[in-house]
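User: I have a model open and want to talk through it before I set anything up. Can you take me through the chains?

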Amino acid sequence: MELVLSLGIGVFAASGIWLMLRPRTFQVALGISLLSYAVNLFIFAMGRLTVGAPPVLGAGAEVVSVDDPVPQALVLTALVIGFALTALFLVVLLAARGITGSDHVDGREPAQAEPQPGNPHP
Amino acid sequence: MGASPPRPNRSPGIRTHETLPQQEASLRDGPLPMTSSVLTATAETAWSDHLVVLPIVLPIAVAGVMLLLDERRRRLKSGLSLVTVLLLLGIALMLALRADAAAQVYRLGNWDAPYGIVLVADRLSAMMLVLASVLGLCALVFSFARWGRAGPRFHGLFLLLLMGVNGAFLTGDLFNLFVFFEVMLAASYGLVLHGSGETRIRAGLGYIAVNLVASLFFLVGVSLIYGTMGTLNMADLARRLAAPAAAEPALFEIGCAVLGIAFLIKCSAWPLGFWLPTTYAAASAPAAAILAILSKVGIYVVIRLSLLLFGSGLSAGFGQTWILAAGLATMAYGTIGILAARELTRAAGYAVMISSGTMLAVLGTGSAAALAGALYYLVGSTLAAGALFLLAEILQRGRAPGQAQQAVFADEYRDPFDDADAIEIGRTFPAAVALLGSGFLLCTLMLAGIPPLSGFVGKLAMFTGLATGPITAVAWWLIAALTLSSFGTLAPLVRLGIQNLWVPSVDPPPVLRTSEFLALSGLLAACLALALWGGPALAYADATVRWLAQPQDYVRAVLGAAQGGAGT
């Protein structure tokens with residue numbers, strides 16, 4: 001299970017970083033999402049991996065193996081915040097696409113990146 | 001199955017929640033046995049004890065009301081936010097007065113410290129709260145003239161931003177800090193985009209992307225710290241680090257380093273801060289002015305955590321060299337940037353960077369006396385940078401937007417006799433231009449650190465702090481960097497001032513509205529007051545640094561006397 005989880009985190013993070021460095025805004029948005037999945041899994045793993053262990057003990061329960069509830073709470077908070085901010089990022093992305101007419105992160109196509117003297121904003 | 005992490009509720013020696021009422025009772029009955037002011041504060045529960053939570057609760061409550069109000073009820077909204085920010089300023093001042101006597105700890109839900117979240121108002125927090133409120137008040141008043149109408153929900157976002165900033169200054173818990181950071185950032189995304197337009201959206205896109213990644217770094221750092229230390233309470237962390245047998249320092253330090261990257265991105269340290277000048281130059285004036293405090297939130301956290309966690313104990317001095325190097329590089333980059341800046345807003349952005357770099361570098365030297373001067377300098381430079389953003393907007397208002405594309409030295413190759421009109425304009429000097437000119441002069445003096453204003457006093461205090469005792473090579477480097485950055489700030493600001501204020505332009509002189517006048521003179525008066533009452537302000541900064549240099553006092557204040565004693 002440790003191997004699967006760490007591979008999963010690694011693959012998510014690697015794809016996220018690669019996508020984030022791509023020139024198109026939508027790729028960047030996807031990259032940030034994937035990277036945040038990796039980070040959320042990472043937070044979860046920081047509570048150590050347990051199977052079938054309760055996070056909260058009832059009265060008189062015998063302590064054999066307990067799951068740490070704190071990272072789970074942290075993940076929930078991080079998920080909600082990450083979701084909201086990704087949605088906001090998508091809105092700004094669409095606005096940028098609409099206003100600049102290009103989905104390049106610089107707001108203009110690389111072929112026209114050099115502004116012409118007569119046309120400062122290609 | 002992996003080993004379970006050290007859990008706060010299982011580790012020995014921590015007071016559990018159940019023991020607390022007895023302690024409180026003993027405090028109520030007998031004479032106070034402990035030096036801690038915290039327990040006395042909770043024992044009495046006067047109304048004023050809830051002051052600590054008000055800087056967070058008040059703005060978010062009013063921001064909620066703002067959402068219900070229609071956009072057309074502009075007067076009501078403006079009035080509400082004005083009253084709120086005035087109240088915030090009053091609360092911050094009261095907190096500063098009280099924090100000067102003793103640090104106050106507010107336990108949310110009355111849960112005891114390592115389990116519940118605490119808010120701590122000590123001298124540093126209170127000082128930053130006052131700074132944020134003053135800047136917020138002036139930026140808000142400035143927005144009444146024009147910018148409040150430039151887009152929807154300005155006031156709500158503004159108050160949410162203040163709530164996030166105040167929360168970040170007050171919280172004593174790392175994950176809570178993350179939440180307040182996110183509130184602050186989410187509101188700042190809205191404020192950067194306020195007014196819309198291509199420049200803002202393009203700058204905002206980069207700003208949001210950079211800060212989303214910074215937040216991910218924050219999360220990785222926080223979870224690594226939790227995974228190794230088993231707590232996120234700052235005081236508890238400091239206590240566990242001071243204990244001789246803390247586990248896995250290497251992994252913990254990696255976590256702190258990752259966390260540090262997030263804060264260094266926020267305070268725009270080189271090479272993580274290239275987003276700052278573009279974003280701040282693109283943002284509307286009141287937004288840019290209040291954003292000037294945002295980079296100082298990063299500085300605040302770096303100061304707080306390095307002095308609390310790495311002042312002594314297991315990882316003493318961790319990351320100090322890196323902070324020093326990052327600070328020096330930021331100062332150098334900011335100075336080069338401001339020399340190259342051709343717009344006032346960009347210059348102000350680089351001035352914010354220089355101020356951040358100065359703080360980081362001074363913190364990196366580890367000199368307490370110099371840090372006191374730096375804290376004093378931080379307040380002054382933030383106020384001056386905010387005022388410069390406001391001034392820049394007034395001066396650049398109504399000018400052709402393509403002005404920055406002109407040749408760099410266009411004004412130097414002009415026929416000198418073309419400027420004959422200058423004398424006429426000088427004779428009929430409008431009052432607005434007089435205020436703008438003197439305001440610009442004040443900002444320049446403050447940011448460059450030229451006598452007689454507080455920028456100079458701050459720099460002098462840093463110099464004397466660095467020069468006490470045997471002067472190390474690092475101190476010489478820093479003194480050289482501070483001097484060079486002063487000259488580097490002075491030259492471009494003088495050039496931009498001449499360009500904006502002295503060179504006769506075809507445009508009519510800028511019209512200053514009443515609220516803009518009030519906002520600007522408020523910030524300038526605050527700068528002047530900082531110089532006039534330099535003695536008490538420096539004494540406060542000194543006391544702050546002395547308090548920060550004793551992390552066991554902070555631990556004792558938050559966790560109670562027994563825990564703090566164990567930590568020393």
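User: Start with contacts in chain A. What share of those with a separation of 6 or more comes from residues 24 or more positions apart?
Analyst: Residues 24 or more positions apart make up 48% of the chain A contacts with a separation of 6 or more. Keep in mind that this is a predicted model.

User: How does the confidence look for chain A?
Analyst: The average pLDDT of chain A is 84, and 89% of its residues score at least 70.

User: And by element, which has the lowest mean and which the highest?
Analyst: Helix α3 of chain A, residues 69-100, has the lowest mean pLDDT among the elements of that chain, at 89. The highest, 94, belongs to helix α1 of chain A, residues 2-20.

User: How many helices and strands are there in chain A?
Analyst: Chain A has three helices and zero strands. Read from the N terminus, the order of its elements is α-α-α.

User: What fraction of chain A is buried?
Analyst: Of its 122 residues, 27% count as buried.

User: Switching to the interface. How many residues of chain A and chain B are in contact?
Analyst: On the chain A side there are 35 residues, in contact with 29 residues of chain B. The elements of chain A that give two or more residues to its side are α2 (25-45) and α3. The largest share, 15 residues, comes from α3(A).

User: Why does A:Arg48 count as partly exposed?
Analyst: Because A:Arg48 has 18 C-beta neighbours inside 10 Å, while a residue needs 20 or more to be buried and 12 or fewer to be exposed.

User: What about B:Asn110, where is that one?
Analyst: B:Asn110 is in the loop between β1 (104-107) and β2 (118-121) of chain B. Its phi is positive too, about 60°, although B:Asn110 is not a glycine. With 13 other C-beta atoms within 10 Å, B:Asn110 is partly exposed.

User: Now helix α5 of chain B. How many residues does it have, and what does it span?
Analyst: Helix α5 of chain B, residues 123-145, has 23 residues and reaches 34 Å from its first C-alpha to its last. That is close to the 33 Å expected at 1.5 Å a residue.

User: Is α5(B) buried or exposed?
Analyst: Buried: 23 of the 23 residues of α5(B) are, so the helix is largely enclosed by the rest of the structure.

User: Last one, B:Leu54. Where is it?
Analyst: B:Leu54 is in helix α3 of chain B, residues 54-68. B:Leu54 is partly exposed, with 19 other C-beta atoms within 10 Å.

Methods
Residues are numbered from 1 along each chain as its sequence is written. Chains are lettered from A and ligands numbered from 1 in the order in which they are written. This is a predicted model: local features need pLDDT of at least 70, side-chain atom pairs count only at pLDDT 80 or more; totals for chains, interfaces and linings use all residues. pLDDT is the predictor's confidence in each residue, from 0 to 100. Helices (H or I, at least four residues) and strands (E, at least two) are DSSP runs, numbered from the N terminus. Two residues are in contact if their C-beta atoms, placed from the backbone, lie within 7 Å. The expected span of a helix is 1.5 Å times one less than its number of residues.
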